[in-house]
Amino acid sequence: MNTSQLIVGVDVSKSFLDIAWGSKDPEPVRFNNDAQGMQRVLKHIRRKKPHLIVLEATGGLEKPFMALLQSEGYSVARIQPTRIRQFARSSGTLAKNDRIDARIIAAYGEAFDLRPTPKPSPQQERLAALVRRRAELVEMRVAESNRLSTAHPSVHDTISQHIEVLKEQIEKVEQEIEALVAANEDIGEQVTIMESMPGVGRVTAVSLAALVPELGKLSGKQISALVGLAPYSRDSGRKRGRRHIYGGRADARRVLYMAALSAIRFNAVLKEFYQRLKAKGKPFKVIIVAVMRKMLVILNAMLAHKQVWQMPEPKPQVASVQASATLPLPVA
C-alpha cells in the first residue's frame, strides 16, 4: 500500500496500544497506554504519515490518545466495536487478541470509505462531560430516594443526607452548564432554537447540544442513524420482518424518549402524528420511537436553517388520510 494511503489500526486497552501499520502488518507493535507510550507512537506516525488512523470506541479509554492525534492534525475515525467484530467474523477471523484486533481495525478502514471523527471544541467536551455527570447524579438521587422507602429506619438519616448532598451537586453542575451555555454563542443559539419546539425543555435542549453536536450538519437519515433511531429492515423473499433500531447513542435516545412523552401531549404536530399511528394499531413502542425520530429530524432541520419552531398554518380538513401524512417542517 502507498504510504500516502496507509490506514493505521489501533487497538486500545487500559494498559496498551497495539498498532498495526495496515492490515498486512505481520507483527503489530505494542506500546504502553500512557503519556510516554503515546509520544513513542506519535514519533512512528510522524515518520509514516498515514492517510487515516482507525480505532475502536472503548468506553472512553481511547479519548486521550485520540485527542493527542487530532491535536497533531491527523485524521482519526472512531468506530463502534460491534462493527469491527462483525467485520472480523465476515472475513473468517474468529481468533481474537489485541494484535489481531489491530490488524482487523486497519482492514476495516481499508475496506470502507470512513469519515474522520470531528474534533470537538474544548467547550463542547466540557459541556458533554457536565451533561453526563448531571445524568449520573440524577440517577443516583433516584436510586437513593427509592431505597429510602424500603430501608430500615436505622439508615434513613444517612440516605437522606446523601440525597441532600446529591441535590447540592446537581445544582452546582446545572449552574456550571448554564454558565457555559451563556458564554458560548454557538451552543447558546442551538439551545435557544431547540427549546422553541413544544415538548423540548431546557434539559433536553442542552443535553442534545452536548451529546449530538452533529445536529444541523447531517441529513435527516444520517442523524437518525447516528443516534440509533433509523429503522432497519429484516426482509427475506416474501417475508416482511419487523423493522428494528440498532446501535447509536443510548444517552441521546434516553433524552429524546422523555421529550417525546411530553411532545405527544403538548406539541400539536407530534400529537397528531402520534394519534394517527395509534389509530393504525401500531404498538406504543413503535409509535414512541417514530415520534422520537420525527422530533430529531425536525430539530436537525431547524438547526440547519437556524429557524425557531413555528406552528404551520392550519390546513382545511379533508377526508383523505394521505393529505395529512406529511409532517410540515417548521418555518421561520
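Predicted model: local features only at pLDDT ≥ 70, side-chain atom pairs only at ≥ 80, totals over all residues.

Reader: Okay, strands to begin with. In which sense do strand 4 and strand 5 pair?

Author: Strand 4, covering residues 52–56, pairs with strand 5, covering residues 76–79, in the parallel sense, and the pairing runs over 4 bridges. Within this pairing, Glu56 stands opposite Ile79 in strand 5.

Reader: And how does the chain cross from strand 4 to strand 5?

Author: The chain passes through helix 2, residues 63–71, on its way from strand 4 to strand 5, and this β-α-β crossover is right-handed.

Reader: Switching to rings: how many aromatic pairs does a search of the whole structure find?

Author: The search of the whole structure gives 3 aromatic pairs. In one of them, the ring centres of Phe87 and Phe112 are 6.0 Å apart and the planes are at 65 degrees, which is over 60, so the pair counts as edge-to-face.

Reader: Where do Phe87 and Phe112 sit in the chain?

Author: Phe87 belongs to helix 3 (residues 81–90), whereas Phe112 lies in the loop between helix 4 (98–111) and helix 5 (122–148), so that the pair links distant parts of the chain, 25 residues apart.

Reader: Is Phe112 in another pair, and which term describes Phe112, buried or partly exposed?

Author: Phe112 also pairs with Tyr108, and because their ring centres are 4.8 Å apart with the planes at 45 degrees, this pair is tilted. Phe112 has 42% relative accessibility and therefore counts as partly exposed, while Tyr108, at 8%, counts as buried, and Phe87, at 16%, counts as buried. Phe87, Tyr108 and Phe112 form one aromatic cluster.

Reader: What about charges, then: which ring does the charged end of Arg30 sit over?

Author: The charged end of Arg30 sits over the ring of Phe16, at 4.2 Å from the ring centre. Lys48 lies over the face of Trp21, 5.1 Å from the centre of that ring.

Reader: Last topic, the largest nonpolar core: which residues touch the most other members?

Author: The largest nonpolar core has 55 residues, and Leu127, Met194 and Met295 are the ones that touch the most other members. Helix 12 (284–305) is among the helices that each supply at least two residues of this core, and helix 12 gives the most, with 12 residues.

Reader: And what is Leu127 in contact with, leaving aside its neighbours within four places in sequence?

Author: Apart from those neighbours, Leu127 is in contact with Ile177, Leu180, Val181, Ile187, Val206 and Ala210. There is also a second, separate core of 20 residues, which includes Val8, Val10, Phe31 and Ile53.

Notes:
Residues numbered from 1 in each chain as written. Heavy atoms only, no water. Pairing = 2+ DSSP bridges. Right-handed = clockwise from strand over helix to strand, strands pointing away. Phe/Tyr/Trp six-rings, centres within 6.5 Å; stacked < 30°, edge-to-face > 60°. Buried < 20%, exposed > 50% of the residue type's maximum accessible area, 1.4 Å probe, protein only. Lys NZ or Arg CZ within 6 Å of the ring centre and 35° of its normal. Core = buried A, V, L, I, M, F, W, Y, C linked by side-chain atoms within 4.5 Å. Contact = heavy atoms within 4.5 Å.
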